[in-house]
Amino acid sequence: MPRSGSASDPTRPDSDPDPGKVLMDALDAIMTTRAIRRFTTVPVSDEDIWTCLRAAQQAPSGGNRQVTRYLVVTDPDLRREIGEYYRKSYDTYTGSRVDTSTDATWTRIKASARHLADHLADVPVLVFFLMPADRPGNAVDIGPLTASVYPAVQNFCLAARTLGLGTTLTTVIRAHHAEVLELLGVPDGYEVAAMVPLGHPTGSFGVAKRRDVADVTRWNQWS
Ligand SMILES: Cc1cc2nc3c(=O)[nH]c(=O)nc-3n(C[C@H](O)[C@H](O)[C@H](O)COP(=O)(O)O)c2cc1C
């Protein structure tokens, strides 16, 4: 994907001398995009942030209503305050769960999620994906409004991956979302669908372990 595009031909970058350049094979990017929660403090360039946002904005939405609004936070003071709300939210979340699992993968996820909760303020970029709080009624159920936001979130994360940047889709901040929206000056009528930290990972990307897709797929008939 080009790192920038012109209005007349969005497939052609404005300044890239090699318009055919492929940053990364799309399937490789998909297969190695996973939750990254440990970041260096190296800043992310505005150009890279805009590339990820453009990718997000190309995502599908119900009726092409394009309901997602993006709020990019790089200011260190704001990140610190958001970090405090995020940690409180995460503590509330973990405190509300009965968790007796000793599964190794889950233990790793918890350690990594705890790390993010304790260090969110150090992540160079926090991107809020906002959606309208009021849901217009539809005669036909076309799905929840979040269905029109999460494709944009995933596009954002995939674009970041192609640039070597890490992300995690997070939602736990919703426990304090009224305070966060006020802090960021968001007018009434919006809510947080997701908050995505963006930065350079301290570790490397890899293929996450998942259930075998064949075990969760049926063909033509359920049984
Ligand atoms: C709807 C949703 C909400 C999530 N919320 C959080 C969150 O608040 N904090 C967090 O650290 N991770 C959050 N995650 C990330 C998941 O924990 C992560 O995708 C899962 O553990 C798989 O991680 P992996 O891709 O590295 O295997 C969320 C993911 C989704 C899809």
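## Basis

The model is predicted; local features need pLDDT of at least 70, side-chain atom pairs count only at pLDDT 80 or more, and totals for chains, interfaces and linings use all residues. Residues are numbered from 1 along each chain as its sequence is written, and side-chain values use heavy atoms, with hydrogens and water left out.

Helices (H or I, at least four residues) and strands (E, at least two) are DSSP runs, numbered from the N terminus.

## The sheet

Four strands form an open sheet, ordered E1-E2-E4-E3. The pairing is antiparallel; two strands pair if DSSP finds at least two bridges between them. Strands E1 (69–73) and E3 (166–167) are the edges, and each pairs on one side only.

E1 and E2 are joined by 5 bridges. Tyr70 has Phe129 of E2 as its bridge partner. Phe129 also stands opposite Ala194 in E4. E2 and E4 pair over 8 bridges.

How enclosed is E2 by the rest of the structure? It is largely enclosed, because 8 of the 8 residues of E2 are buried. Buried means under 20% relative accessible area, exposed over 50%, and partly exposed in between (1.4 Å probe, protein chains only).

## Helix H2 on the sheet

H2 lies across E1, E2 (125–132) and E4. H2 runs at about 165° to E1. Axes are lines fitted to C-alpha atoms, for helices over the stretch in contact, and angles run from 0 to 180 degrees between N-to-C directions.

The 12 residues of H2 should span 16 Å at 1.5 Å a residue, and the end C-alpha atoms are 16 Å apart, so the two agree. The expected span is 1.5 Å times one less than the number of residues. Buried residues of H2 include Asp48, Ile49 and Thr51. The cover over the buried residues of H2 includes E1, E2, E4 and H5.

## H2 against H5

The axes of H2 (residues 46–57) and H5 (residues 150–162) come within 7 Å and cross at roughly 140°. The crossing is right-handed, meaning that the near helix is turned clockwise from the far one by less than a right angle.

H2 contributes Ile49, Thr51, Cys52, Leu53, Ala55 and Ala56 to the contact (heavy atoms within 4.5 Å). H5 contributes Ala152, Asn155, Phe156, Ala159 and Ala160. By class, the contact has 9 nonpolar, 2 polar and no charged residues. Ala, Val, Leu, Ile, Met, Phe, Trp, Tyr, Cys and Pro count as nonpolar, Asp, Glu, Lys and Arg as charged, and the others, Gly among them, as polar.
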